[in-house]
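Hello,

Here is the structure we talked about passing along. Please have a look at it first; my notes on what turned up follow below.

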Amino acid sequence: MLRTFFLLAGLVLLAWVVVALGPREIVALLRQIGWGVVPIAAIYAAYQACRALALRHAIVRDAAIPFVDLLRIRVSGEAVQVLTFTGPFLAEPSKAWLLGRRGLALTEGFAATTAEYLIYTLISAVILSVGLTGLLVYYDLSGVLATAARVVVTIAIVFLGVAAVAIAGRIYLIGAVLAALGRLPVVGRRLRLDAAAVRRVEDLLLEVLREQPARLARVALFEIAAQILLVAELAWILALAGLPWSVWDAFLIESSTKFTTMAFFFIPGQVGASEGVLALVFATVGLPAAGGVAAAIVRRVRSLLVAAIGLAALAAMSRARPSVPGL
């Protein structure tokens, strides 16, 4: 019920943003993009392929899982994330479960998906810090906007610092956090932890993040390629919409809005929040705010197209017999 309330609140926010900026202008931009959403979806599919390759290299044990299966697992997770409005909280365990059906132990699956997601998030935090700093330096941000940007940059830097300390010191941070949550009155009754399994996942995670720098570099390389594809996708959306753009503008917009997913995780699909944030950043860099709403809507459409493919892949992989039972 709470998520339904936030979804309705997001829809109200979306309606307000559309009315405030002018539905006619937004619709005109969407019509101009038209069937360009198909190549946009293709770019997004390439993004998913890069993250599937990152997932392959995040698996510590040499498991003969075909790339096609890894890609199906990636888009299956996308389907779970988009269609259930649960974000990574259900998508990542779903991918771990599917990896288990392809021959990995469940702890290995969780370690691989966690490593891939964490490395992607760390790179996103670096890019976010650069993007928001760029906005603060090159554009006239003042008042609440400037304060909010500085707060987000500070949080990103603290997150990077904590991660660096935990990795360098081989600190079992996930287990400590889960143990603390388990001691809470309400959460503790629902949270059932296998301490040995959690420790095994963290050992495998640290194997990727700390003990095998070559593996970490390969995962990071594919994650950076995925980030570049998101910038290219946004640049293509701007070009199709007939808006003035540059690579720098596309990078600033993409990088400075990466906090949206985490900041508004409580709104299913960040409905309304994504449109509002993109509209604000578009206006900041001198582009029509309506273009930000149109870009957010186009990205929702391409996510739904890929999620539809992922839903079919999830159904097929769920019915298939597991290669080796996950342990």
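**Aromatic pairs and a helix crossing**

Tyr44, Tyr47 and Tyr120 come together as one aromatic cluster. Please keep in mind that this is a predicted model.

The structure has four aromatic pairs in total. In one of them, the ring centres of Tyr44 and Tyr47 are 5.2 Å apart with the planes at 15 degrees; planes under 30 degrees apart count as stacked, so this pair is stacked. Both residues belong to helix 3, where Tyr44 and Tyr47 are three residues apart, about one turn of the helix. Tyr44 and Tyr47 are both buried.

Another stacked pair is Trp248 with Phe251, at 5.9 Å centre to centre and 25 degrees between the planes. These two sit in helix 12 (residues 247-256), again three residues apart, about one turn of the helix. Trp248 has 39% relative accessibility and so counts as partly exposed; Phe251, at 23%, also counts as partly exposed.

Now to the helices. Helix 3 (residues 37-58) and helix 6 (residues 106-138) have axes that come within 8 Å and cross at roughly 125 degrees. The two helices are therefore oblique to each other, and their crossing is right-handed. On the helix 3 side, the contact is made by Tyr47, Arg51, Ala54, Leu55 and Ala58. Helix 6 contributes Ala112, Thr113, Ala115, Glu116, Tyr117 and Tyr120. By type, the contact residues divide into eight nonpolar, one polar and two charged. Tyr47 and Tyr120 take part in this contact and also belong to the aromatic cluster.

Best wishes

Key:
Residues numbered from 1 in each chain as written. Predicted model: local features only at pLDDT ≥ 70, side-chain atom pairs only at ≥ 80, totals over all residues. Heavy atoms only, no water. Axes fitted to C-alpha atoms, helices over the stretch in contact; angles between N-to-C directions. Helix = DSSP H or I, 4+ residues; strand = E, 2+ residues; numbered from the N terminus. Parallel < 35°, antiparallel > 145°, perpendicular 65-115°, else oblique. Left-handed = near helix turned anticlockwise from the far one by under 90°. Contact = heavy atoms within 4.5 Å. Nonpolar A, V, L, I, M, F, W, Y, C, P; charged D, E, K, R; others polar. Phe/Tyr/Trp six-rings, centres within 6.5 Å; stacked < 30°, edge-to-face > 60°. Buried < 20%, exposed > 50% of the residue type's maximum accessible area, 1.4 Å probe, protein only.
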